[in-house]
Amino acid sequence: MSRLIVVSNRVSMPSPDGSQGGLAVALQAALRESGGLWFGWSGREVEQFNGSVSFEEVDGVRSAVVDLEPQDVEEYYNGFANRTLWPLFHYRIDIAKYNRSFGSGYERVNKRFAEPLHVMIEPDDTIWINDYHLIPMASLLREHGIKNKIGFFLHTPWPPTRLLVSLPHHERLVRSMFGYDVVGFQTGEWLESFRHYCENELGGTVEGDYITVDGQRLRAVVCPIGIDFKNFVESGETELAHQLSERMRVSLRQLTMIVGVDRLDYSKGLQERLVSFEHMLSAHPELHRSVVLVQVAPPSRGEVEQYRHVREELNELAGRINGMFAEVDWTPIRYVNRGYRREELTALYRAARVGLVTPLRDGMNLVAKEYIAAQDPEDPGVLVLSRFAGAAAQMSDALLVNPYAPEEVADAIQRALKMPLSERKARFKTLRDGVEREDVHWWREKFVKMIEETETVR
């Protein structure tokens, strides 16, 4: 078996308390099996970049990390990755920032990663680059003479051509992707957008999975990510999960719970979700004092101004809705700005009759799959899911909604609350079967196999 080298912006090593996401667990398992290496940024800053690499091994997983200087973090990470590419890839060109220094910082840091990485690569290694932070990595490794199989997986959406061309030097960025052997997307929609750009902007040709531009060829595929289903289900049986379940039972009394769990991000549609809930309360006064929306939204990227605005707007919106509808013994929205461990999340999901997953745009959205995995098969809840989440392509038995239409979302919530047990169980079974079958291990094995078996023209 060839060694696997995983490259990502941040490295996630095994945690002593097991409080890690399914993606990290799956990649760590693959690295143990292959004797591989996880390379990326340490998350630390140094006064001046020196290129030194720190090696570590924890529980059979080896890592190699570099530190970045403050200018690198500001221009590459806070700048081009999170102020330029993230909003652009989520169709928000209205808030994308195209500062020239961001682009130069992005290219500089990718080169700073490629320089130490290329000397660690052995001839039989398979290399797997992850996400929008590191799009040019393969072309930089090729410049260093690396001829190994290299795959790239994009965890976010890929924007339509008409939006992508707003990015300065968009052609150079996309051409750099032809250093990869395989490029993976979450859904057919994102794949089609990529193909459209290659054909219409680069004059490329598409034959089956393969795209050729100026004699360079790559394989572009759909390979949707899943959750660590078995581990997630087992988390719901832990003592911590049972403790929170009991607290929720006492706290909710006779209330029916609706739950949303999202990172605090403008792409998640949190403001639109609260407005939709407000519409439901206005249209259905009979639901007052009988339902509660628990919205968990841990802060993220606080150094980016747009994220601070989202937090301020949500605080104001939740306060206004609660002020309008609350009574002395009932508050319709419980808005929580903190994260929870996996065991606690399973208890929250299981206690909720409705899972509300309504991003405005999302590459996949694993909360939808986690909510289904956590349900009681004998009395399952109902998933209300944005049709603009990548998960909607696999989860058609959810109630699919347009998150921009508050009345439509409100109607779906009411339908979910009133749905008979027989329909809930039928929808749940189909959804659970898919989540269990196409889990994160299935995804990892399928994508790595695609990288290893693909033959391309260089």
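**Helices, sheets and buried residues**

Author: To begin with a pair of helices, the crossing in which α2 passes α3 is left-handed (the near helix is turned anticlockwise from the far one by less than a right angle; clockwise would be right-handed). Helices (H or I, at least four residues) and strands (E, at least two) are DSSP runs, numbered from the N terminus. This is a predicted model, in which local features need pLDDT of at least 70 and side-chain atom pairs count only at pLDDT 80 or more, whereas totals for chains, interfaces and linings use all residues. Residues are numbered from 1 along each chain as its sequence is written, and side-chain values use heavy atoms, with hydrogens and water left out.

Reader: At what angle do the axes of α2 and α3 cross?

Author: Two packed helices are described by the angle between their axes and the distance between the axes. Here the axes of α2 (residues 70–89) and α3 (residues 100–120) cross at roughly 115° and come within 8 Å (axes are lines fitted to C-alpha atoms, for helices over the stretch in contact, with angles from 0 to 180 degrees between N-to-C directions). The contact (heavy atoms within 4.5 Å) includes Y76, F80 and L85 of α2, along with F102, Y106 and F113 of α3. By class, the residues of this contact are seven nonpolar, eight polar and six charged (Ala, Val, Leu, Ile, Met, Phe, Trp, Tyr, Cys and Pro are nonpolar, Asp, Glu, Lys and Arg charged, and the others, Gly among them, polar).

Reader: How far apart are the axes of α10 and α11?

Author: The axes of α10 (residues 270–283) and α11 (residues 305–325) are 10 Å apart, and the two helices pack at an angle of about 10°, so α10 and α11 are roughly parallel to each other. Among the residues that make this contact are L270, L274 and L281 of α10 and L314, L317 and I321 of α11. The contact of α10 with α11 divides into eleven nonpolar, two polar and three charged residues.

Reader: Which handedness does the crossing of α9 and α12 have?

Author: The crossing of α9 and α12 is right-handed. The axes of α9 (residues 239–252) and α12 come within 8 Å and cross at roughly 40°, and the pair is therefore oblique. In α9, L240, A241, L244, S245 and M248 meet E343, E344, T346, A347 and L348 of α12, a contact of six nonpolar, two polar and two charged residues.

Reader: In what order do the six strands of the open sheet lie?

Author: Strands pair if DSSP finds at least two bridges between them. The six strands lie in the order β13-β12-β11-β14-β15-β16, with parallel pairing. β13 (333–336) and β16 (399–401) stand at the edges with a single partner strand each, so one side of each has no neighbour in the sheet. From one strand to the next, the twist averages 20°. Within this sheet, β11 (residues 256–261) is joined to β14 (residues 354–357) by two bridges, and V259 has G355 as its bridge partner in β14. Helix α12 (residues 342–351) lies across β11 and β12 (291–296), at about 135° to β11. Helix α14 (residues 406–418) also packs on the sheet, where it touches β11, β12, β14, β15 (382–386) and β16, and its direction makes about 170° with that of β16.

Reader: How many bridges join β1 to β2?

Author: Four bridges join β1 (residues 4–10) to β2 (residues 37–45), and these strands run parallel, with W41 in β2 as the bridge partner of R10. β2 also pairs in the parallel sense with β4 (residues 61–68), over six bridges, and F39 has A64 as its bridge partner in β4.

Reader: Is V73 buried or exposed?

Author: V73, which lies in helix α2, is buried, with a relative accessible area of 7% (buried is under 20%, exposed over 50%, partly exposed in between, with a 1.4 Å probe and protein chains only). Leaving aside neighbours within four places in sequence, V73 is in contact with W41, E45, L68, N78 and G79. L348, in helix α12, counts as buried at 4% relative accessibility, and L348 touches L244, M248, M257, V296 and Y340, not counting residues up to four places away in sequence.

Reader: Where is the place of D131?

Author: D131 is in the loop between β5 (126–130) and α4 (137–143), and D131 is buried, with a relative accessible area of 13%. Not counting residues up to four places away in sequence, D131 touches F152, F153, L154, H155 and T156.

Methods
Parallel < 35°, antiparallel > 145°, perpendicular 65-115°, else oblique.
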